[in-house]
Amino acid sequence: MNNKRTELKVSAIRNGTVIDHIPAENVFRVFKILNLDNTNRQVYIGTNLDSKKYGKKGIIKISNKYFENEEISKIAIVAPTATIIEIEDYDVIKKENVALPESIDNIVKCFNPKCVTNHQKVPTSFRVIEDHRGKMKLLCRYCEKTMGQENIDFI
Amino acid sequence: MINIKNRSLVSITDYNKDEILRILDIAEGFEKDQRQKILSDYVIATLFFEPSTRTRLSFESAVKYLGGGIIGFASPDVTSVTKGETLKDTILTVSNYSDLIVMRNPMDGSARYASEVSPVPIINAGDGANQHPTQCLLDLYSIRKTQGSLDNIHIAMVGDLKYGRTVHSLVQALSLFNTTFHFVSPESLKMPSSVKTWVKKAGLEYHQYTDFMEVMPKADILYMTRIQGERFPDPLEYEKVKNAYILDNAMLESSKDNLKVLHPLPRVNELNEDVDDNPKAYYFQQAQNGVYVRQALIAAILGLK
């Protein structure tokens, strides 16, 4: 009985995409990155939901929308644990974890105010790396500075 | 594998160990015979968007000893940059007038960008706080020359290890050799963990100190850097540490016979002038080595050596 209530906290969608296992604190960043404040599709958001794996999690469901790889890689930067589930007629037709790409091109700004990309018309380019603690960092192709998730700002 | 011809040099990590050693070997040849007129058909551009004494003059001296022509500027004030010309347009224009461009620019990453848009090779003479690979090459040349080899060296780096770009590049380059690192700095200016990770990944040792004298009997090379007051958020903290990392002649008494003192210059007060006459002082010869190394680099990139 209890289990059923948990599942019903966010309504099911007939067709579209469910983004599950978003770190609770980044739900609204994912929302913003996917430009969902400008959509006319139905969107459900849940945050601080209980998760066995992560403690707290967020979830976003978007009706009648499937995402391109480039959009998915944007999500991966702020929600590397997220799962993308595609739904057709209430059935799961595809379920996969987001994967960090090797490089992130022309999507995020460099946080270094002295970086050439912030002064000239240069498309940004970052290599996705891990620091010595295993945390994801972006290494700027130009200024060679690394930035963590907390400094990421999208173009 | 050595592949230097027609390639830009932006960051010291663009070169592998063999390529670094190749440049140092060519530089040795120029130290023995500096005036080889191999550049008489070439024009080199030096674009300095930021002030410099040693780097610009040593590049220009290198070109002139090789008989080459020089064009360029020592300040962007006299150029179309003041009219808002983009870096790309400046580079594309100057590449029509020269075979190789040497550039210093205050924007981090400007050299990598220039190398991507330029049809002629770029040598990075300093891009903001990012990279200064020719300083690194002349440091390596000075270490090899004074110690006979780049392997099995104990190097002590002293001062501002947090922000100093020269020490970061030098650690990266020396990690290709069997080096033991001794990092001496105030707590607030310690070597960043990203640089220490580089050392660990190379399977090498590093030690950290706040007491300058502790490292003195261990070092083969003492690499001094300047501590800049403006780096400290708290001026009181600067006052506390500013005199702790000043080298004077008496302090060198406990050092090894083969020790040499290096400094990228300019110095402020961290090297007392009474060190200058000690045979262990090597910083002015180090600056002279910069000419041989830059001759070697230009010759190698143009495929003349």
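**A parallel sheet and its surroundings**

Guide: In chain B, strand S3 (residues 100-105) is joined to S4(B) by four bridges, and the two run in the parallel sense. Within this pair, B:Met103 has B:Asn124 of S4(B) as its bridge partner. The model is predicted, with local features requiring pLDDT of at least 70, side-chain atom pairs counted only at pLDDT 80 or more, and totals for chains, interfaces and linings using all residues, while side-chain values rest on heavy atoms, without hydrogens or water. Residues are numbered from 1 along each chain as its sequence is written, and chains are lettered from A and ligands numbered from 1 in the order in which they are written.

Helices (H or I, at least four residues) and strands (E, at least two) are DSSP runs, numbered from the N terminus; two strands pair if DSSP finds at least two bridges between them. Strands of a sheet pair through backbone hydrogen bonds, either parallel or antiparallel.

The pair belongs to an open sheet of four strands in chain B, ordered S2-S1-S3-S4 with parallel pairing. At its edges stand strand S2 (69-73) and strand S4 (122-127) of chain B; each has a single partner strand, so one side of each lacks a neighbour in the sheet. From one strand to the next the twist averages 15°, where axes are lines fitted to C-alpha atoms (for helices over the stretch in contact) and angles run from 0 to 180 degrees between N-to-C directions. H3(B) packs on this sheet, touching (contact means heavy atoms within 4.5 Å) strand S1 (43-48), S3 and S4 of chain B, and its direction makes about 150° with that of S3(B).

From here the view turns to the interface. The contact draws 18 residues from chain B and 14 residues from chain A. About 1300 Å² is buried between the two chains, 46% of it from carbon and sulfur atoms; buried area is the accessible area (1.4 Å probe) that two parts lose on being put together, summed over both. Of the area that chain B buries against chain A, B:Met107, B:Asp108 and B:Tyr113 supply 42%, more than any other three residues.

Four salt bridges cross this interface (a side-chain nitrogen of Lys or Arg within 4 Å of a carboxyl oxygen of Asp or Glu). The side chains of B:Asp108 and A:Lys114 form a salt bridge, at 3.8 Å from N to O. Helix H3 (87-95), helix H4 (110-117) and helix H7 (193-201) of chain B each give at least two residues to the side that touches chain A. H4(B) gives the most, with four residues. That side of chain B has five nonpolar, nine polar and four charged residues, where Ala, Val, Leu, Ile, Met, Phe, Trp, Tyr, Cys and Pro count as nonpolar, Asp, Glu, Lys and Arg as charged, and the others, Gly among them, as polar.

Chain A has an open sheet of four strands, ordered S6-S7-S8-S9 with antiparallel pairing. Its edge strands are S6 (103-105) and S9 (146-148), each pairing on one side only. The twist there averages 30° from one strand to the next. Within that sheet, five bridges join S7 (residues 125-130) to S8 (residues 136-140) of chain A, and A:Arg127 has A:Leu139 in S8(A) as its bridge partner.
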